[in-house]
Amino acid sequence: MQIKLAETAGFCFGVDRAVNLVYELVQNGEKVCTLGPIIHNQQLVDDLSAKGVKTISSPAECEEGYKLVVRTHGVEKSVIEDIENRNISYVNATCPFVLKIHKIVEKQNDNTITLIAGDVNHPEVKGIRSFCKGKSFVFKNEEELQNIIASEHFSADNDIICVSQTTFSLEEWKKCKKKLKKVYTNCEIFDTICSATSDRQEEACSLSKECDAVIVVGGRHSSNTCKLRDVCSENTPTFLIETASELSGIDLSSYKVIGVTAGASTPSVIIKEVLKSMSEEIKEKEVEAAETVAETAEIADNAEKAAVDPSADGEATFAEMLEESFSDDDTSKVVKGIVVNITPTEVFVDVPGRKQTGVIAAEDLSAEPFDKCEDVVSVGDELDLIIMKTDDQDGVLKLSKKLTDAFKGWDEIVAASEAEEILEGPVTAVIRGGVLVTVKGTRVFVPASLTGIPRNQELDVLKGSTVRFKIIDVNNARRRAVGSIKAVVVEEKKAAEEAAWAKLEEGQVLTGTVKSLTSYGAFVDIGGVDGMIHISELSWTRIKHPSEVVKVGDQVEVTIKALDAENKKISLGFKKIEDNPWEILKRDYPVGSDVEAKIVGLAAFGAFANVIPGIDGLIHISQISWDRIKTPADVLNVGDTVKVRITEVDFDKKRVSLSMKELIEKPEEVIEALADDAEPVEEEAAEEE
């Protein structure tokens, strides 16, 4: 049997945030109650209940001294008002993606019709409707949308918008959007399906086409889990289970390839239990390191050996010492010692029942780096130690705290692996094929491909640094662990992206950093996610390359023009309206203004002149001179600077008409002026005669 696990299985950002919030409150000693189940997963709700967390159905049930947590789906506006009116201390754990929908519908006016794609009885949809100021209608599929269209005749004065429940079916949403665009051309559609939901549904669809059957793990009352079941069942036999125990009732023997996915509210521990029940050989998907299994095992084995092998004096190995320590023999190798003196190179301890002086050399004190022995232990500390060597002649016991720490820390390493806990430790060595990270007294091997360092860069850059990583493989028999720094980086980056997407809205003005340039635009980091400024958005004037306007590292102010959550694309605007040449022309150069313009082109019908940067106007051949000319080239050359008058501007068509001859006196006016000047002279001459 081959088992394929979906990459997106498990908690989404919003659920993870809410669950961690409740557990943190409990750990901090708070009395906690949740308004309805915090998520749709009975096993997790039961675990919280065992820790004292109560589930209530209304604010009135909240007992004095309890902190109320609003669940991920959100609640109706009136419920929040009730909580605040009762002065109840509360924390709003509503998913940011749901809160975003609340803001969208709330900012509409009373005349707006709001269409909501979702389950009319789902708490998320009820919450969304409560924030609508005008009428709202809910549909769960294309058929119900058609019924609304047929029965409701909206006025032409009504604004219409459409949003969706965050866990709505992606395929159904596409159908409904198509119909909406056809029927209500003025409808503003907001793609509010959570990116985590759409990713899961798309991956589940692909997975179901590759497998003979699919197991969907999650609560039966969870909307997103049921959507996954529906998506998969269209392509292959699909089974929805809540726990691993339900597998016993399903015959999977006839299926060769089985896919496993899980809803956004399914804890990872339940997913792991299901995988273990299906096959003991399932490993974490991160153990697809570039190194071969044999090479990784060899390197990790050498690393572990280096951590526990004794000095060259031939004393017993670590495993032998531990085995001996639990025997009835009085010469036990594991002892307790009390620190009595500390020097720069050694720590002296008193070992009860032993006549020899106990000595811990600095190199045997700790596997983690330290400057002074005093940084690790203090006088009076009681330590668990392993006897490395008994030297009766010198009257000393050579002891090691480092090996004891490694033994004690191993169970914590295994527990961290099962809980998918993020560990932190210093990189203490760079070896062939990877690095060694010391944590809880144990050295963990991280293959080069899982360090996050590019292939063309030396691993030495990690030496001495503190890194965060996950244990992705353990071998209890050989006491060996393999870790991944990359897994944490990818996980945190994804969480940061989801958090960032939840806050983004079209029209938002943000400050970002230019990350890279291409021939067609600039990519900008706007806080966890990247957006692109198309080259046409960088300048009001034509440019050949983005580097003419910005460079990598620049801090820029941008506006979100468009969000495509489905494809994770963000279009950014950079040009400011006040810099628009046409706005400048309207403001500073009204019709009738006289300006100096540079001839930039010649045609049979006239000459084109640059009025201000970004705007060229036309001097029609008839407006060049009062004299008749055959062609503009008879009078003008490209590059000439001439005085012109703005005679007409069409802002809609972006056209400017210019005239040179209006700044030149008409020939008739010159003759008349000369004639007027001659008349007084003739009269004076007549008088003299």
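Is Tyr255 buried or exposed, by relative accessible area? Tyr255 is buried, with a relative accessible area of 19% (buried is under 20%, exposed over 50% and partly exposed in between, with a 1.4 Å probe and protein chains only). The model is predicted: local features need pLDDT of at least 70 and side-chain atom pairs pLDDT 80 or more, while totals for chains, interfaces and linings use all residues. Residues are numbered from 1 along each chain as its sequence is written, and side-chain values use heavy atoms, without hydrogens and water.

View 1. Between Tyr255 and Val214 the C-alpha to C-alpha distance is 9.7 Å, at a sequence separation of 41 residues.

**View 2. The largest cavity.** Its volume is about 260 Å³ (a cavity is a set of points on a 1 Å grid over the protein atoms alone where a 1.4 Å probe fits but cannot get out, and lining residues have an atom within 4 Å of a point; the volume is the space filled by probe spheres set on the points, which are joined across faces, edges and corners). Of the 22 lining residues, Val15, His73, Thr166, Thr167 and Asn224 lie nearest the centre. At least two lining residues come from each of α1 (13–27), α8 (195–210) and α9 (223–233).

**View 3. The second largest cavity.** This cavity holds about 80 Å³ of space. Its lining consists of Leu170, Trp173, Asp191, Ile193, Ser198, Ala565 and Glu566.

Terms used: 1 Å grid on protein atoms, 1.4 Å probe; cavity = no way out; pocket = protein on both sides within 12 Å on 5 of 7 lines; lining within 4 Å. Helix = DSSP H or I, 4+ residues; strand = E, 2+ residues; numbered from the N terminus.
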